[in-house]
Structures are given as C-alpha cells and as structure tokens.
Number of protein chains: 2
Amino acid sequence: MTSVNLAIVGVGLVGKAFVRQLQALNTDITFNVIFLARSSGAIYNKDFSPLPIDKLLELADNLPASDLAKNPSSLASLLSAVAPAILVDNTSDEVLAKAYPEFLAKGISIATPNKKGFSSDYSLWTDIFANATKGKSLVYHEATVGAGLPVISTVKDLIITGDKIRKIEGIFSGTLSYIFNEFGSDSSAKFSSIVTIAKEKGFTEPDPRDDLNGMDVARKLTILGRLAGLKIDSPSAFPIKSLIPAPLEIEGITADDFMTRLPDYDSDMDALRADAAKDGKVLRYVGKVEIDSSSETTDISKAVSVGIEVYPASHPFAALQGADNVVAIYTERYGNLPLIVQGAGAGADVTAMGVLADAIKVAQRIAK
Amino acid sequence: MTSVNLAIVGVGLVGKAFVRQLQALNTDITFNVIFLARSSGAIYNKDFSPLPIDKLLELADNLPASDLAKNPSSLASLLSAVAPAILVDNTSDEVLAKAYPEFLAKGISIATPNKKGFSSDYSLWTDIFANATKGKSLVYHEATVGAGLPVISTVKDLIITGDKIRKIEGIFSGTLSYIFNEFGSDSSAKFSSIVTIAKEKGFTEPDPRDDLNGMDVARKLTILGRLAGLKIDSPSAFPIKSLIPAPLEIEGITADDFMTRLPDYDSDMDALRADAAKDGKVLRYVGKVEIDSSSETTDISKAVSVGIEVYPASHPFAALQGADNVVAIYTERYGNLPLIVQGAGAGADVTAMGVLADAIKVAQRIAK
C-alpha cells in the first residue's frame with residue numbers, strides 16, 4: 001500500500017466535488033489530505049498528519065483564518081516538508097499559479113483545472129515545465145481544457161509519439177456552446193434573451209461578460225497552441241472576437257446595466273444569423289489553432305483565433321447539443337478526418353473528475 | 001536520465017510502425033530494445049545489452065530462427081533477468097496472451113494492441129490484473145479498442161474516479177464503418193460490391209469473413225463491458241449478428257468462393273436498407289453494452305450486443321465518414337449527453353501510437 005500527501009487549495013464548487021470524489025475513492029494508493037485551504041483560511045496539523053477525510057467538507061466551511069493561500073511562497077516552503085506531495089489547486093487564482101515553479105522546484109507536484117499558470121506569460125509556462133522536469137515533481141492539467149474530457153492528454157500523447165498537430169478547432173466554452181446552440185435552433189430567439197436565460201440557469205459566470213468576452217476560450221487556445229509547439233506570448237497575441245457589443249465595452253457599467261442594455265444590439269446578431277442561414281449554415285463560437293509546418297516562423301496573430309464561425313448543418317459542430325464542448329484534432333497521422341472528443345466541458349463533477357484522475361496519475365508516478 | 005528495457009514481439013505492419021516511432025522518439029526516458037522476435041525468429045544479446053536501435057527494421061526482416069515467441073513460458077523466464085521491463089506484444093497471438101499473467105508475475109510489464117488477453121476467458125482477464133497488481137508490473141492496452149483513440153484510458157479514468165458507466169455504444173470496426181458508410185450513402189450500391197472494394201483497398205482482413213463475422217467487434221465489447229464491471233465469460237456470452245449469410249457459414253468454403261457467392265444475398269441487405277430509409281434512417285454496425293445499476297445481477301446476453309442498428313440522419317453515428325470509429329460513453333456524471341470519442345480506429349501508425357504512448361506511461365511508472 002503506497003500513500004501520497006495532498007494539499008488542497010480551493011474549496012468552491014469544484015473543490016468540494018473533488019473532496020467528495022476523493023472520499024469515495026477506492027484505489028491501491030492512499031491519499032492523505034494534509035492541508036486544506038481557501039483564500040481566507042487554512043487548516044493543517046503541525047506534524048502534517050492527515051486531516052480526517054470524512055470531515056473535510058465540514059472543515060472546508062469552517063477554516064481557521066489564514067493568509068497562507070495568498071502567500072504561495074510561504075505555502076511552498078511549508079509544504080516542502082512533506083514532499084513528494086501533490087498540490088491540488090482548485091482555484092482560478094493567478095497569484096498561486098505564478099508560484100507553480102516554486103512548488104515544483106521544492107518537490108511538490110501539481111494537479112489543477114486552473115488555467116492561469118498555462119495561459120498567462122509564456123515565461124511562466126516554460127518555467128513551470130522546466131521546474132517539473134528538474135525536481136521529480138510533475139504537473140498535470142487535463143481539466144484546464146474541456147474539464148474531464150481527454151483533450152490535453154490526447155494532444156500530449158500524439159505529440160510525444162511523434163505525430164504532428166496540423167489544426168485544433170473546437171467549441172471550448174460550455175456557456176457559449178449553450179448560447180449558440182439555442183440561438184441557432186430557433187430563428188426568432190433573441191441573443192440577449194438567451195444570455196438572460198443562461199444566466200438564470202447558472203450557466204454563465206455571475207457577470208456574463210466574463211463568458212462573452214471570449215477570454216476563457218482564448219486561454220484554452222493558448223494552452224493547446226503551446227502544447228502543439230507554438231510560442232504564444234499570451235492570449236492577447238491573437239484576435240479574440242468579443243461578444244460584448246463595442247458600445248458596452250466601457251468602464252464602470254455594472255453587470256445588471258449590461259444585461260439591460262444588451263437587447264439594443266440584438267439586431268447585429270440577428271443579421272449574422274440570417275446571413276449564415278441563407279447558405280443553410282449556423283453560427284458557432286469557435287477557437288482555432290492552425291500550424292503550418294512548412295513555415296519556420298509562425299505568425300501567431302494568424303495561426304490562432306477565437307470568434308464566430310459558420311458551419312453547414314451536416315458539420316458535427318452544428319449538431320452539438322446542450323452545453324457540450326467539442327474538439328477536433330487534425331494531425332499528420334490521422335489525415336483528413338480529425339480525432340474528435342466531445343461532451344460536457346464544464347460542471348463541478350466532471351471538472352473534479354479530471355483533476356482527481358490527474359492526481360491519481362501523478363501519485364502512480366511519485367508514490368513511494 | 002532513466003532507462004527501461006523493451007522486448008518487442010511481432011514485427012508486422014503495427015510492429016514496424018512501432019519501431020519507426022520508437023526510433024524517432026525524443027523523451028527523457030531511454031528505451032533499450034533488448035529482444036526482438038516474430039513467430040519464426042528472435043534476436044537478443046546474451047548479456048541483454050541493447051540492440052542497435054537504428055538497425056531494428058533490418059534485423060526484423062532477418063531474425064535468426066527461434067521458437068521463443070511460440071513458447072511464452074520460456075520467454076517469460078528469459079526476460080525475468082531484465083525485469084523491470086516491458087513486453088510490447090504487437091501480435092494477435094492468443095498463446096502469447098495467455099502467458100501475460102506469467103510475464104507480469106515475473107516483473108515484466110505489458111503494452112499491447114492484442115485483444116486476445118482481454119477478451120478470451122474471464123479467468124484470463126482476472127489473472128492478468130491480479131498479477132499486474134502483485135508484481136509491480138503494469139498492463140496497458142489502449143490500442144485494443146479504437147487503436148490510438150483515448151477510449152480505454154477514458155473509461156478507466158471515469159470508473160476510478162467513481163463515475164458509473166450506464167451505456168457504451170459505438171462503431172468499433174474501421175472495416176465495417178467504411179462498408180456501412182458507403183452502403184448507406186448510395187442507395188444503388190450493392191453490399192457485396194462494397195465488400196469487394198474494401199478488400200481491394202486493403203481495408204479488410206485477407207479473408208473478409210474475419211471482419212464480417214463481427215468477432216473483432218465482439219472482442220472489443222467484451223473488453224469495454226468488463227472494464228465497466230460486467231463479468232462477461234467470453235465473446236460468445238452475448239448475441240453477435242454475423243454479416244456472413246447463413247447459407248455461406250459452411251466449412252471448407254474459401255475466401256474467394258465466399259466473395260463469388262456473396263452477391264446472391266445482396267437483396268437481404270437491400271431490404272434492410274430500404275426499410276431504414278423509409279423512416280429516414282441509415283444502417284450501422286454497432287456494439288452496445290448497457291448496465292442496469294438497479295439490478296444486482298446482469299443478464300450478459302441482454303446487456304451486450306453486436307449487430308446492425310438504425311440511426312436517424314441527425315445522429316452522430318449517421319454522419320460518420322471514411323473508416324472512422326466512434327464511441328459514445330454514457331455515465332452518471334455526464335448525464336443524457338454522452339462523452340464521445342471519434343476518429344480513425346485502425347491503421348498501423350495510429351495503432352502503434354497507442355502502444356507507444358502506453359509504453360511511455362508504463363516506463364514513467366516503472367523506470368528507475
């Protein structure tokens with residue numbers, strides 16, 4: 001029986017789902033949760049003995065005040081005492097992500113759905129993987145794209161075995177998948193009404209502009225493009241079509257104001273939809289990265305894009321349902337027909353599943 | 001720099017593609033090929049020093065005569081000297097597969113596309129995994145279903161993290177995918193003509209009955225059903241609809257005779273196609289496993305099936321192209337919309353890729 005230490009940071013929806021799945025886990029590796037934190041609090045035993053696994057959710061809601069999670073360097077130093085261990089970062093905190101190289105250098109592996117570490121400055125990306133190689137510590141981040149869907153691992157397997165990625169194209173936002181699937185299936189539906197319904201159903205971020213600005217999709221494309229070998233400085237290195245009408249891109253406007261004023265711009269989306277429908281096509285919000293292997297240098301601003309595309313009704317993207325994600329991976333070996341992965345790409349349970357599967361894979365490699 | 005010993009058995013199309021990918025490999029693990037064999041020959045150095053990696057394909061075509069690959073027990077004993085090591089079984093040999101437990105017990109891990117070990121008697125399946133757990137040796141077999149597509153690993157990740165598989169449904173034969181995609185897209189096409197074209201293009205086994213009998217699909221279903229928790233005694237525990245007309249299911253008939261007489265039965269397939277077309281549907285050759293978690297005992301003969309099904313034009317299975325595979329995995333967490341994996345599920349390069357990615361994963365866990 002091998003065992004591995006886990007430090008869990010972030011106990012929101014995903015973090016709690018992760019804890020519930022961990023509690024039900026039945027593997028030949030024992031996970032000892034020796035640290036549990038959120039931004040405002042943290043708990044751990046002085047000797048780093050395991051916290052009671054059946055009490056974790058209770059503890060999560062009553063964490064003693066602590067700034068540890070906000071001071072990643074201190075946290076990395078603290079946890080170095082329990083290395084090898086795994087930091088499970090269930091936050092979307094950029095400050096914590098910036099410290100990944102420190103954790104890795106100190107022998108702490110990382111399993112996370114937090115996109116920030118892999119989609120911010122390119123130097124952070126290289127730092128993370130350089131330190132992961134050095135320290136016998138590993139970093140797995142399947143759930144940064146498509147939640148539990150096997151996207152990152154598939155792209156990595158293709159590349160490590162020598163295949164060449166030609167193109168990756170997909171619908172990477174569950175929220176925008178839902179919105180465009182609804183918008184396309186009913187020609188009288190108003191874009192603003194669908195956003196309102198999506199918000200009411202809890203499908204959007206509390207402020208829907210955080211979905212509509214395309215940044216979440218751009219971060220995922222940054223990660224996939226970098227995996228495929230492109231040096232993408234940051235998500236601002238390529239065009240992102242924001243769904244926030246330009247006149248509403250102003251400082252100080254509240255989410256409620258925004259939602260009130262969004263219907264004024266429905267006619268723009270109506271026109272786009274009508275234009276596509278003329279050719280029997282539908283609108284989808286798509287991220288794309290294309291790699292021209294014949295060219296020595298790649299113009300990132302042309303190779304990567306995030307925006308509205310049109311697809312014929314027969315295309316798999318047009319047939320998408322619900323809030324599903326879909327990713328089509330074109331490679332040299334797979335030829336003209338892509339490898340496709342499709343399914344729910346958001347939600348606490350499937351995201352936690354991606355993180356837990358990663359934690360298990362890390363544990364299988366580092367557990368003593 | 002860590003290193004791991006590889007023993008490669010089988011140097012046909014998949015074996016050679018594996019060697020070529022291995023030669024081009026650029027990882028931080030060094031793979032030493034210390035044994036290379038086919039059914040009729042084998043080569044290794046007495047001290048198990050690595051064979052010259054750039055000469056492997058040449059060696060493969062000129063192997064000194066040896067019965068070693070036909071005597072798996074002797075081979076397992078021989079290789080125990082180099083444990084931990086990985087047996088890469090690129091054959092479809094049932095005798096070798098039956099010895100997997102011996103290899104595993106002796107500290108030899110396994111990476112293979114050979115379905116026989118996982119789809120024959122249930123006792124072999126349990127023996128394999130029991131010995132894999134005991135000996136610090138591992139068994140990975142992604143390429144037994146869908147070649148390099150992430151099917152086995154995805155099902156395993158879902159289950160280990162606590163999800164419940166409700167249904168797996170898919171098109172698992174590249175050959176039958178091609179045949180039904182062609183048969184469905186042209187209502188004047190004759191089934192027998194399409195089989196002939198598929199045979200000429202090299203899409204079928206040398207004897208097309210080996211595809212048409214449904215056994216290859218049944219073996220894949222057996223593997224998926226067992227992963228999902230069903231005790232499936234063997235592929236003969238559930239109904240398999242053979243596409244070989246009953247009157248041609250006779251001893252002694254040659255492949256050529258069979259192909260000559262197949263057109264006599266085209267009208268049966270025409271009728272099925274016309275029947276489906278009346279409702280706007282198409283025929284597909286599908287494997288299905290359904291798990292009723294409310295029932296304590298499962299009737300395997302009802303839970304698993306392989307045969308012709310009909311799908312509306314809007315269904316993803318109807319839109320399949322070329323010789324693609326598609327697998328829809330329905331689980332408790334994913335709800336009504338399945339996790340779908342689609343793409344080429346046959347071919348030497350993508351099969352070898354699945355095996356090599358597995359070998360890398362095994363090496364990452366066992367390499368010293």
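Biologist: What is the relative accessible area of Gly15(A)?
Modeller: The structure is a predicted model, in which local features need pLDDT of at least 70 and side-chain atom pairs count only at pLDDT 80 or more, while totals for chains, interfaces and linings use all residues, and side-chain values use heavy atoms, with hydrogens and water left out. Residues are numbered from 1 along each chain as its sequence is written, and chains are lettered from A and ligands numbered from 1 in the order in which they are written. Gly15(A) is found in helix H1 of chain A, where helices (H or I, at least four residues) and strands (E, at least two) are DSSP runs numbered from the N terminus. Buried means under 20% relative accessible area, exposed over 50% and partly exposed in between, with a 1.4 Å probe and protein chains only, so Gly15(A) counts as buried, its value being 0%.

Biologist: Which residues does Gly15(A) contact, leaving aside its neighbours within four places in sequence?
Modeller: UniProt, in an unreviewed entry, places the feature "binding site" at Gly10(A), Val11(A), Gly12(A), Leu13(A), Val14(A) and Gly15(A); such positions are given in the numbering used here, feature names are shortened, and annotations may be inferred rather than shown by experiment. Val14(A), which lies in helix H1 (residues 13-23) of chain A, is in contact (heavy atoms within 4.5 Å) with residues including Asn90(A) and Pro113(A), its neighbours within four places in sequence left aside. For Gly15(A), with its neighbours within four places likewise left aside, the contacts are Gly10(A) and Asn90(A).

Biologist: Which residue of S2(A) stands opposite Leu6(A)?
Modeller: Strands of a sheet pair through backbone hydrogen bonds, either parallel or antiparallel. Strand S1 (residues 2-9) and strand S2 (residues 29-38) of chain A pair in the parallel sense, over eight bridges. The residue that stands opposite Leu6(A) in S2(A) is Val33(A).

Biologist: Within what arc do the buried residues of H3(A) fall, seen down the axis?
Modeller: An α-helix has 3.6 residues a turn, so residues three or four places apart point the same way. In helix H3 (residues 72-79) of chain A, the buried residues are Pro72(A), Leu75(A), Ala76(A) and Leu79(A). They line one face of the helix, because the arc, taken over the directions from the helix axis to the C-beta atoms, is 100 degrees.

Biologist: Which side chain makes a polar contact with the side chain of Lys220(A) at 2.9 Å?
Modeller: The "active site" annotation from an unreviewed UniProt entry covers Lys220(A), which lies in helix H12 (residues 215-227) of chain A and is buried, with a relative accessible area of 6%. A polar contact is a pair of N or O atoms within 3.5 Å; within protein, one must be able to donate a hydrogen and the other to accept it, and residues adjacent in sequence count only if both atoms are side-chain atoms. The partner at 2.9 Å is the side chain of Asp216(A).

Biologist: What distance separates the C-alpha atoms of Gln21(A) and Met353(A)?
Modeller: Gln21(A), found in helix H1 of chain A, counts as buried at 6% relative accessibility. Not counting residues up to four places away in sequence, Gln21(A) touches residues of both chains, among them Met353(A), Thr161(B) and Arg333(B). Although Gln21(A) and Met353(A) are 332 residues apart along the chain, the separation of their C-alpha atoms is 7.5 Å.

Biologist: Which backbone oxygen does the side chain of Thr144(B) reach at 2.7 Å?
Modeller: Thr144(B) sits in the loop between strand S6 (139-140) and helix H8 (152-160) of chain B, and is buried, with a relative accessible area of 0%. Not counting residues up to four places away in sequence, Thr144(B) touches residues including Lys115(B) and Lys220(B). The backbone oxygen reached at 2.7 Å is that of His141(B).

Definitions and conventions. Two strands pair if DSSP finds at least two bridges between them.
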